[in-house]
There are 2 protein chains.
Amino acid sequence: MVGKTLTRNDVARKAGVSPATVSYIINDGPRHVADSTREKVLQAIKELGYQPNAVARSLRMQKSNIIGLIIPDNKNTFFAEVALGVEQVAFENNFNVIMCHSAYKQEREMAYVDMLISHQVAGVIWIPCSQDVRAAQELKRFHKPFVLVDRVISNVNSPSIVVDNFQAGFQVTQHLVSLGHQKIGYIDRSVDMSNNMDRLRGYRAALEEANVKFDPNLVTRGGFRHEDGYAACKRLLSIQDPPTAIIAYNDMNAIGVMDAAHELGLRVPQDLSVAGIDNLAFSKYSFPPLTTVDIPKFEMGIASTKLLIELIKGDSQSEQIITCCTVHLKVRSSTSVPSTTPIRLIKSLIEME
Amino acid sequence: MVGKTLTRNDVARKAGVSPATVSYIINDGPRHVADSTREKVLQAIKELGYQPNAVARSLRMQKSNIIGLIIPDNKNTFFAEVALGVEQVAFENNFNVIMCHSAYKQEREMAYVDMLISHQVAGVIWIPCSQDVRAAQELKRFHKPFVLVDRVISNVNSPSIVVDNFQAGFQVTQHLVSLGHQKIGYIDRSVDMSNNMDRLRGYRAALEEANVKFDPNLVTRGGFRHEDGYAACKRLLSIQDPPTAIIAYNDMNAIGVMDAAHELGLRVPQDLSVAGIDNLAFSKYSFPPLTTVDIPKFEMGIASTKLLIELIKGDSQSEQIITCCTVHLKVRSSTSVPSTTPIRLIKSLIEME
DNA sequence: TTGTAAGCGTTATCAC
DNA sequence: GTGATAACGCTTACAA
């Protein structure tokens, strides 16, 4: 090939058949083709090095084989792993994935939804970053099937794949309570999405079940980064009756908590128990004091894409089916309630500042 | 819209103009349109909620606004950050990114290259995972501009964005030598790509400059994961004359080294200096003993995509221009050569096993 | 079993 | 300044 694009017609001419026949061979249907003809055509395709034009196909079919994936931040291992699961299933099913990075911005989500519609995508996998319904409405208006992942949006009826965040919060709290902790600090995110709200409900339910009174002062809000955990820990340890254990939002967050604790002279877990929900850390050896609830990110990507492809193929209406992936508590060290002495000590240290 | 797709014709009819006029307004050219007409049309677009069909456009233009991105593993922060840079520049320039995950497999790269060609992509950003030239040849055959990132392929003439891996290896080695280390262990990858070969050259050059004899026994090969560092460290510490410092492939790897060292009762960095090239760890507080050379991953993504877009627009022939992003040594702790006692101790411990 | 041809929604080259 | 119309490469209903 030089200037001219190689098309199905070229293949047909070379093989001495009609373009339609070439189509039937490439698509393996819907019409049957004689073996001898098939042979000739496949030979011609090979010799010419022909690649079918997916764009022309999409135009004709009014639908491309592209799946849109909208994630808030690919740098975050959580989302990156979901993306990997999506890509895997897509690849296996001959779909391609357009990567859309919302950067936690609603207007970018919106811009991407329009772009995806413009590309006639077959469907969309979406980890939303707000409770805004407009992007979802737009997708519905154009009859694009979509699956929400990790968070659900109130007032949006659509299939969703989430993890059992309630259980995540419940299990980790229950574990700490079983070790004797009564004052358990909790780091919540500052934005209200379904996932963190569910986790907090789990935390409260576990406390209630154990007849531990819920103390709002033990709940602090922040982000999920290392520095947020660091700050949250300092905040929690400076209150009147400081916690003996802290539940962080995720590992990154938890390491921040641990670093703050170490800086204050507290040993983890002897003086302060630290637990995380969602294991982001790559090292399985480096943070023995840390107990976490594992979130199956890759599996969420897999499950959501399988579901989406079903929706695409069946073209059934998307009803709201919420599928929960199970979570697993991973206890790395069990330490019961520390003597309160070091905490008191720290408290006074902080007050002196 | 219900069953029927909303097209440019609908807009034209509604606005009482011809479809061509609508085109000129949407594309802002190549023909001028009277302001009053423009107003009418924009109004109609808004009222109908019309989205242009990118697929039809791509077919007509013989080229889509999609950029293919081939990366080995999105779970690895390194590649995920490159991807983020790519996506950002693409978004700013109205390109979309198809995410292709090669899983380090040459045949998957190949499959994706064909898929991308089929989608009439405008160009490809590619982090290759082997020295195989076939995928590159295929891209050239279809006149697809592409940019290699992080690694170059011998015998493939194409623009490449890499970091100065030689400097990375050189600087970190020089730093350790300046602390007095003479026996510096080096963990190399087991696959030969340009990046690790360049780093090793840097290591050797720094040794030579300091008149330290290169000892092949101090170089061990493995992967870049945590466990690989762990194993490599044990291997390096068990040789006749064990190193007093170890250069790991990246942070993940380095933490494995540290964990192995800790397990053997060695304190880092007092008893063993550990350095990494490429900071993957999210925590800036947690690993104070670790000195690294930072690799600007995001910036590589940015630079490569800017270059690719230039190639796409200028449609200039891709010559081999290798652009190096600079690297920065980040010293977190400086410890000179430890007494050899603990090393000896460990050595005998290992031998006893 | 195979060939012919209409049409998918654009863009661009004609006319007017 | 604007309107008609011929491609772009493919799928598939309809002929043969």
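**View 1. A salt bridge between the chains.** In this predicted model, the side chains of A:Arg108 and B:Glu87 come together as a salt bridge, with 3.0 Å from N to O. Side chains of opposite charge can form such pairs when their charged atoms come close. Between chain B and chain A the count is two salt bridges, and the rule also finds 26 residue pairs in polar contact across this interface, both residues of each pair being at pLDDT 80 or more. On the side of chain B that touches chain A, at least two residues each are supplied by α4, α5 (77-92), β2 (96-101), α6 (106-118), α7 (134-141), α10 (226-237) and α11 (251-263) of chain B. That side of chain B is made up of 29 nonpolar, 19 polar and 11 charged residues.

**View 2. The contact between chain A and chain B.** Chain A gives 59 residues to the contact, and chain B gives 59 residues. The size of an interface is often expressed as the accessible area that is lost when the parts come together. For chain B and chain A the area buried between them is about 5,600 Å², of which 64% lies on carbon and sulfur atoms.

**View 3. Strands paired across the two chains.** Strand β2 of chain A, residues 96-101, is joined to β2(B) by three bridges, and the two strands run antiparallel. Within this pairing, A:Val97 stands opposite B:Met99, a residue of β2(B).

**View 4. The surroundings of DNA strand C.** DNA strand C is surrounded by 28 residues, of which A:Arg31, A:Thr37, B:Arg8, B:Tyr50 and B:Arg60 are the closest. Where DNA strand C comes within 4 Å of the protein, 58% of its atoms belong to sugar or phosphate, and the rest belong to bases. By class, the residues of the surface near DNA strand C are 11 nonpolar, 11 polar and six charged.

View 5. The side chain of B:Tyr24, by contrast, has an N or O atom 3.3 Å from a base oxygen of DNA strand C. The elements that give two or more residues to the surface near DNA strand C are α2 (19-26) and α4 (54-61) of chain A, together with α2 (19-26) and α4 (54-61) of chain B. The largest share of this surface, four residues, is provided by α4(B).

**View 6. The surroundings of DNA strand D.** Around DNA strand D there are 28 residues, and the closest are A:Arg8, A:Tyr50, A:Arg60, B:Arg31 and B:Thr37. Of the atoms of DNA strand D that come within 4 Å of the protein, sugar and phosphate account for 55%. The surface near DNA strand D consists of 11 nonpolar, 11 polar and six charged residues.

**View 7. Polar contacts to DNA strand D.** A polar side-chain atom of B:Gln62 lies 3.1 Å from a sugar or linking oxygen of DNA strand D. At least two residues of the surface near DNA strand D are supplied by each of α2 and α4 of chain A and α2 and α4 of chain B, and the largest share, four residues, comes from α4(A).

**View 8. A salt bridge within helix α9 of chain A.** The side chains of A:Asp198 and A:Arg201 meet in a salt bridge, with 3.4 Å from N to O. Because A:Asp198 and A:Arg201 are three residues apart in helix α9 (residues 194-209) of chain A, about one helical turn separates them. Over all chains, a search of the whole structure finds 27 salt bridges.

Methods. Residues are numbered from 1 along each chain as its sequence is written. Chains are lettered from A and ligands numbered from 1 in the order in which they are written. This is a predicted model: local features need pLDDT of at least 70, side-chain atom pairs count only at pLDDT 80 or more; totals for chains, interfaces and linings use all residues. Side-chain values use heavy atoms; hydrogens and water are left out. A residue is near a molecule or strand if one of its heavy atoms lies within 4 Å of it. A polar contact is a pair of N or O atoms within 3.5 Å; within protein, one must be able to donate a hydrogen and the other to accept it, and residues adjacent in sequence count only if both atoms are side-chain atoms. Ala, Val, Leu, Ile, Met, Phe, Trp, Tyr, Cys and Pro count as nonpolar, Asp, Glu, Lys and Arg as charged, and the others, Gly among them, as polar. Contact means heavy atoms within 4.5 Å. Buried area is the accessible area (1.4 Å probe) that two parts lose on being put together, summed over both. A salt bridge is a side-chain nitrogen of Lys or Arg within 4 Å of a carboxyl oxygen of Asp or Glu. Two strands pair if DSSP finds at least two bridges between them.
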